[in-house]
Amino acid sequence: MADDIVKVQVTGLREFTRALKRFDADLPKAVRIALNEATDVVIDYAAPRVPSRTGRARASLKARSTRTEARVRGGGARAAYYGWLDFGGQGRIAGRPPARPFLREGRYLWKALRERRVVFSEKLSDALEQVGRDAGMRVQ
């Protein structure tokens, strides 16, 4: 029984994903899903704060994580103006829409991450621990 135990020490997300691959090649997909769940904390905080006429800019906020990075995307073909809403700057054509003060730190997504960092970290940690448990690891 003791011979079946494999000890794996993980120090980062890449190492965690590699360790999961040793157990099952499909397990790293669960990491991506866990990252998407954690980014929902940021999206849920930012979306109601994004100005809305049609709702496209708000709806464009999506989790787009990989196995090694948690990502949130805003904008796209249906809300190409999202960057202007969040960061400001000149409009597409000078004066149309009117210039919006440029804020390097952004108004919505980065602010949401700053405000919800602790909750995001806790949710991410819990989700990754659950992935490890589901893989049969004893997580400490």
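Contact here means heavy atoms within 4.5 Å. By that rule, and leaving aside neighbours within four places in sequence, Tyr82 is in contact with Val50, Ala57, Ser60, Leu61, Gly74, Gly75, Tyr108 and Leu109.

This is a predicted model, in which local features need pLDDT of at least 70, side-chain atom pairs count only at pLDDT 80 or more, and totals for chains, interfaces and linings use all residues. Residues are numbered from 1 along each chain as its sequence is written, and side-chain values use heavy atoms, with hydrogens and water left out.

**Confidence**

pLDDT is the predictor's confidence in each residue, from 0 to 100. The chain averages 83, and 89% of the residues score at least 70. Residues 1-8 stay under 50, and the model has two contacts beyond four places in sequence for them. Where pLDDT is low, the predicted coordinates should not be read in detail. Helices (H or I, at least four residues) and strands (E, at least two) are DSSP runs, numbered from the N terminus. Among the elements of the chain, α1 has the lowest mean pLDDT, 74. Helix α3 (residues 56-59) has the highest, 95.

**The core**

A nonpolar core is a set of buried Ala, Val, Leu, Ile, Met, Phe, Trp, Tyr and Cys residues joined through side-chain atoms within 4.5 Å. Buried means under 20% relative accessible area, exposed over 50%, partly exposed in between (1.4 Å probe, protein chains only). The largest core has 30 residues; Phe16, Leu20, Val31, Val50, Leu61 and Tyr82 touch the most other members. Two or more residues each come from α1, α2 (27-46), α4 (82-87) and α5 (109-134). The largest share, nine residues, is from α2.

**Ser65**

Ser65 lies in the loop between β1 (62-63) and β2 (72-73). Is Ser65 buried or exposed? Ser65 is buried, as its relative accessible area is 8%. A polar contact (a pair of N or O atoms within 3.5 Å; within protein, one must be able to donate a hydrogen and the other to accept it, and residues adjacent in sequence count only if both atoms are side-chain atoms) of 2.9 Å joins the side chains of Ser65 and Asn36. The Ser65 side chain also reaches the backbone nitrogen of Arg71 at 3.3 Å.

**Charges over rings**

A charge sits over a ring if NZ of Lys or CZ of Arg is within 6 Å of the ring centre and within 35 degrees of the ring normal.

| Charge | Ring | Distance to ring centre |
|---|---|---|
| Arg49 | Tyr45 | 3.7 Å |
| Arg100 | Trp84 | 5.4 Å |
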